[in-house]
Amino acid sequence: CAAEVRHRRQVAPGVGHRRREIMLIIVCIRQVPARDWQPRLNDARTWIREQDATYETNEPDAYALEEALRLKEKHGGQVVVCSAGPARVVQVLREALARGADRAIHVEDDRLAGADAFVVAHALASALKDEPFDLILTGLQSDDNGSAQTGVVLAALLGVPHATIIMEVHAQGATLRVKRELEGGWFQWINMPLPAVLTIQSGINQLRYATLKGIMAARKKEIRTVAAPLVLEPRQKIVSLYVPEKTKKTELISGSPIEAARELVKKLREEARVI
Amino acid sequence: MILVVGEERRGRLNRASWEAIAAAQQLAAGRPLVVAVLGADIRAVALELAAAQVTEVVAIQHAALEPYTPDGYTAALEQAIVQLSPTVVVLPHTYQTRDFAPTIAARMERALVTDVIRLRISGENIAYARPMFQGKLTADVVPLGPAPHFITVQVGAFRADQASRGAVPAPVRSLSVSIDSTAIRQTPEAPFQEARQAVDLSQAQRIVSVGRGIKDAANIAVAQRLAEALGAELAASRPICDAGWLPMERQVGSSGQTVAPKLYLALGISGAIQHLVGMKGSKTIVAINKDPDAPIFEVADYGVVGDLFDIVPALTTALKE
Ligand SMILES: Cc1cc2nc3c(=O)[nH]c(=O)nc-3n(C[C@H](O)[C@H](O)[C@H](O)COP(=O)(O)OP(=O)(O)OC[C@H]3O[C@@H](n4cnc5c(N)ncnc54)[C@H](O)[C@@H]3O)c2cc1C
Ligand SMILES: Nc1ncnc2c1ncn2[C@@H]1O[C@H](COP(=O)(O)O)[C@@H](O)[C@H]1O
């Protein structure tokens with residue numbers, strides 16, 4: 001199977017294709033449970049009860065889309081959004097089309113709900129390998145899985161270079177100059193050739209929202225459904241999912257807001273002595 | 001054999017490396033444990049690592065490993081792993097590891113379990129506990145497929161000071177790898193900090209910090225009044241700075257400032273790990289949050305469960321009484 005990966009790397013159509021004026025940018029978008037969703041587990045306690053969750057676009061993916069739209073405004077070209085998952089993920093693709101993406105690819109398969117990053121990256125790679133992309137943007141990590149792997153694995157599968165946790169993107173001809181966030185407020189510029197994969201950090205830009213005009217225009221845009229590879233080989237399995245054990249005893253202060261406020265001030269003055 | 005990979009930066013080993021060693025020692029439970037370190041000049045770092053209770057230190061030295069690039073590291077570490085054939089590879093879950101570990105795992109087609117906070121060992125079976133859904137849930141995860149399995153451990157989850165030191169220094173061996181430097185596609189420049197402005201939150205005695213629970217830029221004033229009443233600096237979680245509601249320099253957390261005031265008041269902050277690492281050293285932590293299950297209550301000394309828009313003004317008034 002390793003040979004297959006290497007083979008794919010050589011034939012990846014993105015690699016070595018002639019530079020054109022027009023950029024093709026692909027943005028990978030994941031649908032995740034909404035931020036204010038209260039977790040409920042399935043009976044086996046191995047996954048959430050999906051039917052109870054409301055869903056939204058993974059936060060950094062929204063920034064990745066915005067960055068792609070800005071690059072398109074500057075350099076021309078096309079923005080294609082791609083999401084892998086069951087039928088429900090079409091919703092985040094529609095939203096992306098309303099915000100300005102040109103077309104969408106839905107890798108549809110029920111096995112992709114709750115799948116690990118390897119499975120998802122393989123599904124995305126099989127759908128994207130024939131697109132003559134210049135740039136693929138993903139979020140740096142998902143709010144639900146939090147694996148921080150998919151974009152980097154996708155780059156490896158497609159045989160293109162990558163950079164992670166990106167806070168600024170400049171395309172100059174066939175090269176890319178990106179600002180990579182490091183820990184503790186440090187940054188670093190990285191230059192690399194196109195085509196490439198970047199994982200985008202939240203806050204890279206200011207988001208714009210869909211307009212009514214955009215929503216109307218989106219109705220005419222294409223959402224192409226493609227199948228996932230027949231064999232999807234998971235690399236990990238959740239054996240148990242649970243609410244984290246509490247290790248620390250927080251002193252909870254109750255009562256009306258005024259009572260709680262007075263009590264807290266008293267504690268901070270007399271017990272903690274910090275004010 | 002368990003392999004743990006230390007992280008060297010500008011000639012120094014970071015604390016996360018010792019945390020990874022502590023985790024790997026737990027996992028090895030007496031079985032052979034090798035620690036590897038990569039870089040262009042790592043003699044000093046290798047000697048430092050030799051103090052750990054490990055079977056041996058493997059130094060992977062090559063000019064093309066400085067500066068760090070994912071292509072260079074991937075090439076070198078993949079060769080080392082093939083030669084050493086470990087069953088598990090343990091790495092710290094740093095920005096650098098996030099940048100190259102998935103590539104190696106993908107190329108070798110092996111499992112990678114990231115952000116591990118605990119080891120669940122029962123006999124021969126091992127599961128790795130990791131946060132999911134923004135820390136609302138924890139999952140016990142089992143890697144599938146052939147060895148080696150890769151795991152990355154969350155920064156701060158294992159204690160560096162619990163890494164056992166050996167009675168005598170461990171042997172240091174160098175392992176040679178070949179790297180074709182023309183095949184490295186990324187050209188990095190030197191790291192830099194954005195020009196720092198007047199605020200140095202690390203010196204603040206008291207901090208009032210706002211999170212997304214504040215809902216709107218206009219509501220920052222509510223927190224501002226509390227900060228004034230307390231003589232505190234105003235700080236924020238990342239999304240508040242991302243939205244431009246407060247300047248970046250007031251961001252607390254792994255990609256912002258690390259603070260340790262006498263009092264840290266978290267208003268409408270959920271307590272994601274990237275925020276916690278920046279403030280959990282505070283002497284007294286107070287959390288005000290409407291969600292009783294918010295992870296911020298894991299580090300808070302005092303908590304008020306409720307709507308911050310009711311409690312914060314009441315608190316401001318109570319302070320003036
Ligand atoms: C590589 C990386 C680096 C990062 N670096 C940082 C960093 O340096 N600093 C940082 O902060 N984050 C950082 N993050 C982001 C982090 O993961 C979280 O997304 C972020 O900290 C969440 O911010 P929050 O708590 O304000 O928002 P949320 O998680 O949305 O939480 C909002 C909270 O407000 C509560 N709330 C809502 N309304 C009310 C109300 N009326 N009254 C009371 N409570 C209310 C909710 O219950 C919830 O708990 C980083 C992420 C990554 C991946
Ligand atoms: N099912 C999916 N469909 C499309 N993109 C995805 C999917 N899962 C993950 N991604 C992308 O990969 C990034 C990292 O996800 P993860 O590896 O799960 O942390 C996300 O921010 C998305 O951009």
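By residue class, the shell around ligand 2 comprises eleven polar, seven nonpolar and two charged residues. The model described here is predicted. In total, 20 residues surround ligand 2, and the closest of them are A:Asp61, A:Ala84, A:Ser142, A:Ala148 and A:Thr150. Three elements of chain A, namely β4 (77–85), α4 (117–128) and β6 (135–139), each supply at least two residues of this shell. The most is given by β4(A), which contributes three residues.

Polar contacts to ligand 2 involve both side-chain and backbone atoms of the protein. A polar side-chain atom of A:Ser142, a residue listed among the closest to the ligand, lies 2.7 Å from an oxygen atom of ligand 2. A polar backbone atom of A:Gln149 is found 3.0 Å from an oxygen atom of ligand 2. For A:Ile29, a backbone N or O atom lies 3.4 Å from a nitrogen atom of the ligand. On its own, ligand 2 has 480 Å² of accessible area, of which the protein covers 99%. With regard to its location, ligand 2 sits in the largest cavity.

Aromatic pairing was examined over the whole structure, and six aromatic pairs were found over all chains. One of these is formed by A:Phe187 and B:Phe192, whose rings are 6.2 Å apart centre to centre, with 35 degrees between the planes, a tilted arrangement. Because A:Phe187 belongs to strand β9 (residues 186–193) of chain A and B:Phe192 to strand β14 (residues 192–193) of chain B, this pair joins two chains.

Notes. Residues numbered from 1 in each chain as written. Chains lettered and ligands numbered in written order. Predicted model: local features only at pLDDT ≥ 70, side-chain atom pairs only at ≥ 80, totals over all residues. Heavy atoms only, no water. Near = heavy atom within 4 Å. Polar contact = N/O pair within 3.5 Å; in protein donor to acceptor, adjacent residues only side chain to side chain. Areas by Shrake-Rupley, 256 points an atom, 1.4 Å probe, with all protein chains shown as cover. 1 Å grid on protein atoms, 1.4 Å probe; cavity = no way out; pocket = protein on both sides within 12 Å on 5 of 7 lines; lining within 4 Å. Sits in = over half its atoms within 2 Å of the grid points. Helix = DSSP H or I, 4+ residues; strand = E, 2+ residues; numbered from the N terminus. Nonpolar A, V, L, I, M, F, W, Y, C, P; charged D, E, K, R; others polar. Phe/Tyr/Trp six-rings, centres within 6.5 Å; stacked < 30°, edge-to-face > 60°.
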